[in-house]
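Let's take a walk through this structure together, one chain at a time and then across the place where the chains meet. Keep the 3D view open as you read.

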Amino acid sequence: MEITERREGAVAVLALEGRLDGEAERALVERVAALLDGGLRKIALDCGNLDYVSSAGLRALLLALRRVKSADGALAMGAVRDQVRQVLEMTGFAPHFAIHPRIEDATRALAGPG
Amino acid sequence: MKRLDATIGNTPEELAPLLERAAAFIGEAALSPAAAFEAQLVIEEAVVNVIRYAFPGGERHDIVVRIEIGEREMRIEVIDDGVPFDPTRVPPADVTSPIESRPVGGLGIHLIRSMMDQVGYHRYDGHNHLTMAKTIPPEWRKDA
């Protein structure tokens with residue numbers, strides 16, 4: 001999986017491209033941890049080019065979310081493809097991740113008034 | 001009936017090439033990327049479990065993955081000669097408790113159960129056989 005980073009104001013956007021599986025698991029968690037260490041608290045995951053997620057990928061998302069929450073931050077996802085969304089729904093993850101139709105909606109919601 | 005027999009070693013590095021072969025085979029069998037996604041997912045989950053738990057001694061073993069695509073059904077079998085282990089007896093994963101405290105284990109078998117219509121386990125000839133079958137939905141047909 002490729003992870004590329006960009007900034008939209010106070011929001012860090014991580015664009016995930018490819019497969020979020022056992023090989024990519026650690027990379028995502030470390031990337032999120034590095035953003036938090038750098039003082040960022042609002043993180044959006046751009047999933048428009050995320051093709052695949054397995055249970056290892058779900059574990060990475062869960063660990064990333066926990067880190068963000070324990071730092072009093074917020075995590076949102078945008079542009080999640082149907083099959084990835086199906087996996088999030090099957091495992092009860094979906095309600096815990098702010099999932100937006102487009103990445104712009106995710107960053108806007110994070111940037112929001114609060 | 002179209003059939004793929006693939007044998008890999010019990011190392012994580014061999015998983016990605018196996019999943020690519022599986023996806024290519026499913027594409028050649030005129031099924032959609034959605035079919036390939038589900039097949040890859042259940043194969044990954046089953047094979048990762050075998051790699052992780054079947055060979056406590058750490059020795060090199062073969063894992064056989066068989067995919068059969070018939071008129072009505074996609075059937076996937078994962079065969080290994082590791083310690084007896086029946087994934088169908090793993091208790092249901094916790095998918096409802098608060099996300100902050102939820103255990104992260106058991107999601108793989110949960111996904112297999114959720115995606116496939118039938119999941120069966122047999123132990124014979126010193127091998128674990130995990131079979132996962134699903135009726136091919138109309139939308140999986142490329143020509144649908």
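Read from the N terminus on, the elements of chain B follow the order β-α-α-β-β-α-β-β. The radius of gyration of chain B is 15 Å, close to the 15 Å that the globule rule gives for 144 residues, so chain B is as compact as a globular protein of that length. That radius is taken over C-alpha atoms, and the globule rule is 2.2 Å times the number of residues to the power 0.38.

Before going further, please note that this is a predicted model: local features need pLDDT of at least 70, side-chain atom pairs count only at pLDDT 80 or more, and totals for chains, interfaces and linings use all residues. Residues are numbered from 1 along each chain as its sequence is written, while chains are lettered from A and ligands numbered from 1 in the order in which they are written.

Along its principal axes, the C-alpha trace of chain B spans about 45 × 40 × 25 Å. Of its 144 residues, 31% count as buried. A residue is buried if 20 or more other C-beta atoms lie within 10 Å of its own, exposed if 12 or fewer, and partly exposed in between, with C-beta atoms placed from the backbone. Among the contacts in chain B with a separation of 6 or more, 66% join residues 24 or more positions apart. Two residues are in contact if their C-beta atoms, placed from the backbone, lie within 7 Å.

Now look for two helices of chain B, α2 (33-53) and α3 (residues 107-115). Their axes come within 9 Å and cross at roughly 145°. Axes are lines fitted to C-alpha atoms, for helices over the stretch in contact, and angles run from 0 to 180 degrees between N-to-C directions. The crossing of α2(B) and α3(B) is left-handed. A crossing is left-handed if the near helix is turned anticlockwise from the far one by less than a right angle, and right-handed if clockwise. On the α2(B) side, the contact includes Leu41(B), Val42(B) and Val48(B), and on the α3(B) side it includes Ile109(B), Leu111(B) and Met115(B). By class, this contact has 8 nonpolar, 2 polar and 2 charged residues. Ala, Val, Leu, Ile, Met, Phe, Trp, Tyr, Cys and Pro count as nonpolar, Asp, Glu, Lys and Arg as charged, and the others, Gly among them, as polar.

Helix α3(B) also leads us to the other chain. Its buried residues are Leu107(B), Gly108(B), Ile109(B), His110(B), Leu111(B) and Ile112(B). They pack against α2 and α3 of chain A, together with α2, β4 (118-124) and β5 (127-135) of chain B.

For a contrast, find Arg72(B), in the loop between β2 (62-69) and β3 (73-80) of chain B. Arg72(B) is exposed, with 8 other C-beta atoms within 10 Å. Not counting residues up to four places away in sequence, Arg72(B) touches Thr135(B) and Ile136(B).

Turning to chain A, we find 4 helices and 5 strands, in the order β-β-α-β-α-β-α-β-α from the N terminus on. Buried residues make up 46% of the 114 residues in chain A.

Helix α1 (residues 25-37) of chain A packs with α2(A) at an angle of about 15°, their axes 8 Å apart. The two helices are therefore roughly parallel to each other, a term for angles under 35 degrees. Their crossing is right-handed.

Finally, which residues bring the chains together? The contact takes 17 residues from chain A and 18 residues from chain B. On the side of chain A that touches chain B, α2 (55-70) and α3 (82-90) are the elements that give two or more residues. The largest share, 7 residues, comes from α2(A). In α3(A), the buried residues are Val84(A), Gln86(A), Val87(A) and Leu88(A), and they pack against β3 (42-53) of chain A together with α3 of chain B.

Note on methods
Parallel < 35°, antiparallel > 145°, perpendicular 65-115°, else oblique.
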